[in-house]
Amino acid sequence: MLVLSDVIEESIQNLTRTMVLREDADRSTYSSKVDFTKLRSELLSLDANESTLTLASHERLSNDLAKLASRLRDEIGRAQASVKLDLNLEKGRIREEAKSQELKIKETETRIEQEVAGLRERVEGVKFSTLQWLM
């Protein structure tokens, strides 16, 4: 019986060593709850900060994209204006060249008409002198 009593006493001692007082358990539970609450609030804060940063980044990228689109429109407008100017200058040059060619053609036609008129006069003169000589 002594052995049985020793075993029971040793078992009780083991149980008391491994047992925790209710107050200690309550303190530990409360401490864990406080820690989880702090962790939750930190996570929510971090999530809010991350959301704010993401929104700010999105806004900045949207503004940059709008600026780039505006610059692209401006560059396209400048390029189109430059091309239009070049085309108008080329049209003017072609018109001037066409007028110059037309003037040269008219001068040539006038010279031809004058030479033809001169040749007619000479032919008429030769005819007249031939007729006078024959008469």
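In the predicted model, the side chains of R93 and E97 meet in a salt bridge, with N and O 2.9 Å apart. Both residues belong to helix α2, where a spacing of four residues places R93 and E97 about one turn of the helix from each other. R93 is partly exposed, its relative accessible area being 40%, and E97 is likewise assigned to the partly exposed class at 43% relative accessibility. Side chains of opposite charge can pair when their charged atoms come close.

A further salt bridge links the side chains of E75 and R78, at an N to O distance of 2.7 Å. Helix α2, which comprises residues 22-134, holds both partners; because E75 and R78 are three residues apart in this helix, about one helical turn separates them. E75 has a relative accessible area of 48% and is therefore partly exposed, since the exposed class begins only over 50%.

K106 and E102 provide another such pair, the closest N and O atoms of the two side chains being 3.8 Å apart. K106 and E102 are four residues apart in helix α2, so about one helical turn lies between them. Both partners are partly exposed: K106 has a relative accessibility of 46%, and E102 has a relative accessible area of 44%. Elsewhere, salt bridges with shared partners connect E90, R93 and E97 in one network. The count of salt bridges in the model comes to five.

With regard to overall charge, the protein chain carries 22 positive and 25 negative side chains. The centres of these two sets are separated by 10 Å.

The secondary structure of the protein chain consists of two helices and zero strands. The radius of gyration is 57 Å, well over the 14 Å given by the globule rule for 135 residues, so the protein chain is more spread out than a compact globule. Along the principal axes, the C-alpha atoms fill a box of roughly 190 × 30 × 10 Å. N49 is located in helix α2 and is partly exposed, with a relative accessible area of 43%.

Solvent accessibility was also computed for the chain as a whole. Of its 135 residues, 1% count as buried, a class that requires a relative accessible area under 20%. The accessible surface of the protein chain amounts to about 13,100 Å², and carbon and sulfur atoms contribute 61% of this area.

A nonpolar patch on the surface is formed by M1, L4, I8 and I12, which together present about 460 Å² of accessible area. One of these residues, L4, lies in helix α1, which spans residues 2-18.

Technical notes
Residues are numbered from 1 along each chain as its sequence is written. This is a predicted model: local features need pLDDT of at least 70, side-chain atom pairs count only at pLDDT 80 or more; totals for chains, interfaces and linings use all residues. Side-chain values use heavy atoms; hydrogens and water are left out. A salt bridge is a side-chain nitrogen of Lys or Arg within 4 Å of a carboxyl oxygen of Asp or Glu. Buried means under 20% relative accessible area, exposed over 50%, partly exposed in between (1.4 Å probe, protein chains only). Patches are made of residues with over 30% relative accessible area and no salt bridge: like charges are joined within 9 Å, nonpolar side chains (Val, Leu, Ile, Met, Phe, Trp, Tyr) within 5 Å. Accessible areas come from the Shrake-Rupley method with a 1.4 Å probe; for residues, only the protein chains shown count as cover. The radius of gyration is taken over C-alpha atoms; the globule rule is 2.2 Å times the number of residues to the power 0.38. Lys and Arg count as positive and Asp and Glu as negative; His and the chain ends are not counted. The place of a charge is taken as NZ of Lys, CZ of Arg, CG of Asp or CD of Glu.
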